[in-house]
Amino acid sequence: MARMNIPWIFFVQILVLASKSEAKVSAIIVFGDSTVDSGNNNYIPTIAKSNFEPYGRDFPGGSPTGRFCNGRLSPDFISEGFGLKPIIPAYLDPTLNISDFASGVCFASAATGYDNATADVLKVIPLWKEVEYYKEYQKKLRAYLGVQKANGIIAEALYLISIGTNDFLENYYALLDRQSHFTVQQYEDFLIGIAENFVTQIYDLGARKMSLTGLPPMGCLPVQRATNFEDPLNCVEERNKVALEFNGKLNVLVAKLNKELPGLKVFFADAYDLLLQLIQNPSQNGFEVAEEGCCGTGLFEMGILCNRHLTCTDANNFQR
Ligand SMILES: *[C@@H]1O[C@H](CO)[C@@H](O)[C@H](O)[C@H]1NC(C)=O
Ligand SMILES: *[C@@H]1O[C@H](CO)[C@@H](O)[C@H](O)[C@H]1NC(C)=O
């Protein structure tokens, strides 16, 4: 459920990628967690929802959409940047159909992870199920546009994948089960194995251009700081170390997959350093507050704990 809003960082990185490869992007297809979920959890029985105020306060129309955010998420900005629609719809939205999804669709689910056990914690959509939905989407797209046109869209789409923080914060460090079976390094390797299978699976289904997002400095999330009893209100350095270690392994995986799978262009979207800079020097980046969240007391609030009565006045620069 942890999330950080870093659209412009992705935006710049993805546009650089696009200009390098002179990519023509037909659609944006999204897999992952709350960092990119545009509302799928609204339609499943879970408490990991954000379909209430103050979420969506700065979204066009000002209503909560199921994004864990005051406004749009990075895939929305990226889509608009490629001249596609400004909002990526959630696949499970029952008011929409394949005609709405042809140029972009989101299969992500807040609170999920690479590990099946992470999705079980709050009964959200596991990553393997996101892939099942993607297969169903392909069938519908072929029925709607014809095989040739649909296959063209599938091959020319940009696949955005943003997942992994919950495996550590909601699962490994919060519960005992994974800790009793894996050291944290073994758990990283276990997740990397799942990431490899996932990329290979969607490659086999026709995906060719992908952006795989690394972990943020997850020890700096407000809830981590608020529960940092050793160094109150500061970032939990050990969690950040794990994020860096995991990102290093993800980077190696990306290089390996680019070499092994013909025609694949997978890009490692590493926002760790940029985000840490922003957290450490908020005023240089136009923010006043970087150590607390905007809603509620800002210490623990996320998901259902986010409360509109105690929300900061301007999320764009976070002023109390
Ligand atoms: C999708 O929904 C629109 C509006 O409700 C409808 O006109 C259209 O026929 C539907 N298309 C498909 C392929 O189901
Ligand atoms: C996750 O669950 C799916 C469906 O039961 C299964 O196919 C897959 O092997 C599981 N993944 C791992 C890593 O255990």
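Which exposed residues does the face of α9 turned away from its buried side carry? They're Gln 185, Gln 186, Gly 193 and Asp 204.

Quick housekeeping. This is a predicted model, where local features need pLDDT of at least 70, side-chain atom pairs count only at pLDDT 80 or more, and totals for chains, interfaces and linings use all residues. Residues are numbered from 1 along each chain as its sequence is written, while chains are lettered from A and ligands numbered from 1 in the order written.

Helices are DSSP runs of H or I, at least four residues, and strands are E runs of at least two, numbered from the N terminus.

Back to α9. On its buried side sit Tyr 187, Glu 188, Leu 191, Ala 195, Phe 198, Val 199 and Ile 202. They're on the same side of α9 because they cover an arc of only 110° around the axis, counting directions from the helix axis to the C-beta atoms. Just past α9, Gly 206 has a positive phi of about 120°.

Now α5, residues 127–145. Leu 127, Glu 130, Tyr 134 and Leu 141 are buried here. Their arc is within 45° seen down the axis, so they line one face of α5. Turned away from that buried side are the exposed Glu 132, Lys 135, Glu 136, Lys 139 and Ala 143. Just after α5, Gly 146 also goes positive in phi, about 90°.

How values were computed: Buried ≥ 20, exposed ≤ 12 C-beta atoms within 10 Å, placed from the backbone. Expected span 1.5 Å × (residues − 1).
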